[in-house]
Structures are given as C-alpha cells and as structure tokens.
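Below is a short report on one protein model.

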Amino acid sequence: IYDTIVETMKNYQLSQNQKFVVFYSVRSAFSSAKGPDRREVYLSFSKLPVVFVGNSVVDVDSDARPSLQLLDPILDTMKLDMQPDPSMRRNIFASFVGRVHTNKNLRGTLMNLKSPTGQKLYLEDGDKTLQDKERVLNYRDVLLNSEFMLAPRGDNHYSFRPSEALVYGAIPVIYDDHAVIPYMNCTLDARSWAVIIPEAQAKDTVEILSKISSKDRQKYIKEGQKARKCAETVEGNVDCMLSGLAVFT
C-alpha cells in the first residue's frame with residue numbers, strides 16, 4: 001500500500017499546503033502490523049503528505065498519521081420525512097438493538113445493563129431488525145423515543161447507529177477504543193454531539209449517562225442537529241467530508 005501511494009503521488013505536483021487523500025479501510029491496511037512493527041508502519045506513512053479517509057478508520061497512534069473518520073448516510077429503510085422536535089419528551093432513557101454475537105463481550109455487557117432508579121432501557125438482541133418490515137417500524141419508534149442511543153462497535157470499527165441517532169434526534173453513545181472519533185478536531189467533532197465511553201466502562205453506562213445534566217444533554221442535541229446532514233444524505237455526507245478535510249490543509 002505504501003509503495004502504491006508513493007508511485008501514484010509521482011503523477012501529481014502538490015503545493016506546500018496540499019494533501020493526498022486516500023480512501024481506504026485503514027483497519028484492513030494495518031491489521032497485519034503488530035507491536036513495534038505497527039508503529040513503524042504508521043511512522044512511514046507520517047512522512048507522506050497523506051490523509052486517510054474512511055468509515056472504519058483505526059488509528060492507535062493518531063499523531064503519527066492524519067486520519068478523518070466519516071459517518072455513513074443511513075439506509076433508505078431508515079430515512080425520516082421530518083426533523084424530530086428537540087424539545088419532544090422521550091420515554092426511553094437509553095436503547096440498543098443489535099446483534100450481540102458480533103461482539104459478545106462489549107454488546108453482551110450492554111444487554112445486561114440495569115437502571116437502579118427506574119429509567120426505562122430498551123435492549124434487544126435482534127438479527128432481523130433491518131430485514132423484517134414490522135421490526136423496522138418498531139425500531140424507528142424506539143429511536144424516536146430514545147434519549148440516548150448506544151452505539152457499540154461490532155466485529156468491525158464501524159456502525160450505522162451514530163448516524164441513525166442523529167437523524168432521529170437521539171444522543172449517540174459511542175464505544176470503540178481504537179477507532180478515530182468521527183470528524184475529530186473539525187467543526188463537527190463528534191465529541192460535541194456524542195458521548196464517548198471507554199469499552200471497559202460499558203458496565204457503568206447508566207451511571208455515566210445519568211450524571212449528564214439536562215443543560216449538557218441539550219447541548220449534545222443542538223450540536224447533533226448541525227451534524228445531522230452528515231448522516232441524512234450522500235450529498236450532506238460529502239459536504240461534511242470536505243469540511244473535515246479543510247483542517248488538514
């Protein structure tokens with residue numbers, strides 16, 4: 001991959017502030033590099049004027065290699081015709097619907113969450129959620145009534161759930177220790193519209209979310225409205241990508 005990029009760059013004359021953008025699944029590109037070898041691979045790329053862009057970007061050494069993590073536009077079956085009212089009362093405190101077997105440790109932990117104060121949790125292990133029409137309608141209703149939507153990684157560093165949460169007006173809760181934060185250090189930095197919880201603290205999710213004040217929850221929702229376009233359409237997603245790339249020039 002490194003040699004291919006170097007050879008391709010020879011065909012272009014970049015100015016001092018320009019970068020060469022590589023669209024790639026960085027997880028696949030560097031999955032074979034371990035320990036010190038991984039660091040050497042990252043450092044070799046850091047010498048190039050390259051920015052890696054993708055929807056499953058893993059960057060353990062983020063200082064060594066610039067990367068931009070994107071959201072994906074939601075599936076057509078999940079599109080919403082209206083924009084949810086941010087002041088709407090939601091009767092589900094936190095929800096998660098997904099396939100537990102893709103990450104039994106993390107997702108299994110979330111499935112066993114309890115609320116000691118009686119807050120309503122909706123937790124479902126469902127393989128057919130996006131295939132069965134009736135369950136899709138139920139899932140949409142769950143999203144519209146959830147304050148927080150849990151978005152744990154599965155068998156890859158990638159999930160539609162942050163996008164679905166934004167479109168449906170919920171606050172995404174992201175669990176992925178090795179993925180680059182979406183739009184990190186950009187105007188739409190996910191840390192302004194999503195709660196980031198380390199995987200080891202997944203069991204404390206209810207306690208962590210309960211400590212977020214109403215004022216801060218409204219801030220997350222307000223910033224999420226700005227990022228909604230990144231998840232709603234392909235055109236909006238491209239606009240967010242170009243905005244994110246601007247910080248690397």
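The model is predicted: local features need pLDDT of at least 70, side-chain atom pairs count only at pLDDT 80 or more, and totals for chains, interfaces and linings use all residues. Residues are numbered from 1 along each chain as its sequence is written, and side-chain values use heavy atoms, with hydrogens and water left out.

**Cavities**

A cavity is a set of points on a 1 Å grid over the protein atoms alone where a 1.4 Å probe fits but cannot get out. Grid points are joined across faces, edges and corners, and a volume is the space filled by probe spheres set on the points. The count is 2 cavities of 30 Å³ or more.

Helices (H or I, at least four residues) and strands (E, at least two) are DSSP runs numbered from the N terminus. Helix H6 (161–167), strand S7 (171–175) and helix H8 (214–232) each supply at least two residues of this lining. H8 gives the most, with 5 residues.

By class, the lining has 10 nonpolar, 4 polar and 3 charged residues. Here Ala, Val, Leu, Ile, Met, Phe, Trp, Tyr, Cys and Pro count as nonpolar, Asp, Glu, Lys and Arg as charged, and the others, Gly among them, as polar.

**Positive phi**

Most residues other than glycine have a negative phi. Tyr183 has a positive phi, and so does Asn185. Tyr183 is found in the loop between S7 and strand S8 (195–196). Asn185 is also found in the loop between S7 and S8. Buried means under 20% relative accessible area, exposed over 50%, and partly exposed in between (1.4 Å probe, protein chains only).

| Residue | Phi | Relative accessible area |
|---|---|---|
| Tyr183 | near 55 degrees | 1%, buried |
| Asn185 | near 70 degrees | 57%, exposed |

**Cysteines**

How many disulfides (cysteine sulfur atoms within 2.5 Å) are there? The count is 1. Cys230 and Cys240 form a disulfide, with their sulfur atoms 2.0 Å apart. The link is left-handed, at -85 degrees about the S-S bond. Cys230 lies in helix H8 and Cys240 in helix H9 (residues 234–245), so the pair ties together parts 10 residues apart in sequence. Both Cys230 and Cys240 are buried.

Cys186 is in no disulfide. The nearest cysteine sulfur, that of Cys230, is 9.9 Å away. Cys186 is buried too, with a relative accessible area of 10%.

How values were computed
1 Å grid on protein atoms, 1.4 Å probe; cavity = no way out; pocket = protein on both sides within 12 Å on 5 of 7 lines; lining within 4 Å. Disulfide = S-S within 2.5 Å.
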